[in-house]
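Hi everyone, thanks for coming. Let me put the model up, and then we'll go from the whole chain to one residue.

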Amino acid sequence: MEMFAQFSVGGQRMYGMLHVPDGPAPAQGWPSVVMVHGFTGNKVEGHRNFVLLARRLAASGVAALRFDCRGSGESQGDFSEMTVSREVQDVEAAFEYVRQQPGLDPERVMLLGFSMGGLVSALAAEKVRPHRLALWSPALPELWLRHLRGGLLPPVVSDYGGWPLGRAFLQEVVQVRPLEAAARWGGVAHVFHGDADQTCPPAWGVRYAEALRCDATAIPGANHTYDSLEQVEMLHRETVRFFKGL
């Protein structure tokens, strides 16, 4: 069963899709996963990755919420307002929404973050206390250092390939400490990354895994967006196995 989802932060509405397994819910409710998209991404993601994974999770008995952070996809707000801390707030709101849904277990809400969504999820984990945490190709603040020419911040809004990138985002992102946050959280986690990723190098995935004290799975030959059917199949299969505790 799939239904539209909406919830608000700071007077701005966020829109998403909630996938729930068919049939009567177990007594304790279905476990669930909140999915956090990447930088300039949305609740669908490349190759429909989030859609396909959410449906696969639902078919295996795990609900999933995929949503657009404020300023992305169909949600309200402007991309120029986007910052890491705002997206952490968005994740908190998404968890609150899921935990209030009938038929879902409020104690078994898990978290998946892709790319910058992985960075955001690592920071949010301390606040939302997910039952399990999975990171796909997680980003580190270094990814945006090249936009600070000579260490100087750009104007209030700069043109990032057609996206209005706010100065506040760059000012904040280089100061966040996702690895330290991940180490403090200390829950059950797993990191997935492509071993040919040139956007968020495999070494970054290893650093996250070390901070989380968890295993990392390298997808052979995969780049940042997992651009083959075989790579997507392995990524989805192993992610579902992790969320189901197999």
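What radius of gyration would a compact globule with 246 residues have, and what does the chain have? The globule would be near 18 Å and the chain has 17 Å, so the two agree; the radius is taken over C-alpha atoms, and the rule is 2.2 Å times the number of residues to the power 0.38.

A word on the source: this is a predicted model, where local features need pLDDT of at least 70, side-chain atom pairs count only at pLDDT 80 or more, and totals for chains, interfaces and linings use all residues. Residues are numbered from 1 along each chain as its sequence is written, and side-chain values use heavy atoms, leaving out hydrogens and water.

Along its principal axes, the C-alpha trace spans about 60 × 40 × 35 Å. The chain holds 7 helices and 10 strands (DSSP runs, H or I of at least four residues for helices and E of at least two for strands, numbered from the N terminus). Of its 246 residues, 55% count as buried, meaning under 20% relative accessible area with a 1.4 Å probe, protein chains only.

Now, please zoom in on Thr83, in the loop between strand 4 (63–67) and helix 2 (84–99). Is Thr83 buried or exposed? Its relative accessibility is 9%, so Thr83 counts as buried. Not counting residues up to four places away in sequence, Thr83 touches Ala168, Phe169 and Glu172, with contact meaning heavy atoms within 4.5 Å. Its side chain also reaches the backbone nitrogen of Arg86 at 3.1 Å.

How values were computed. Buried < 20%, exposed > 50% of the residue type's maximum accessible area, 1.4 Å probe, protein only. Polar contact = N/O pair within 3.5 Å; in protein donor to acceptor, adjacent residues only side chain to side chain.
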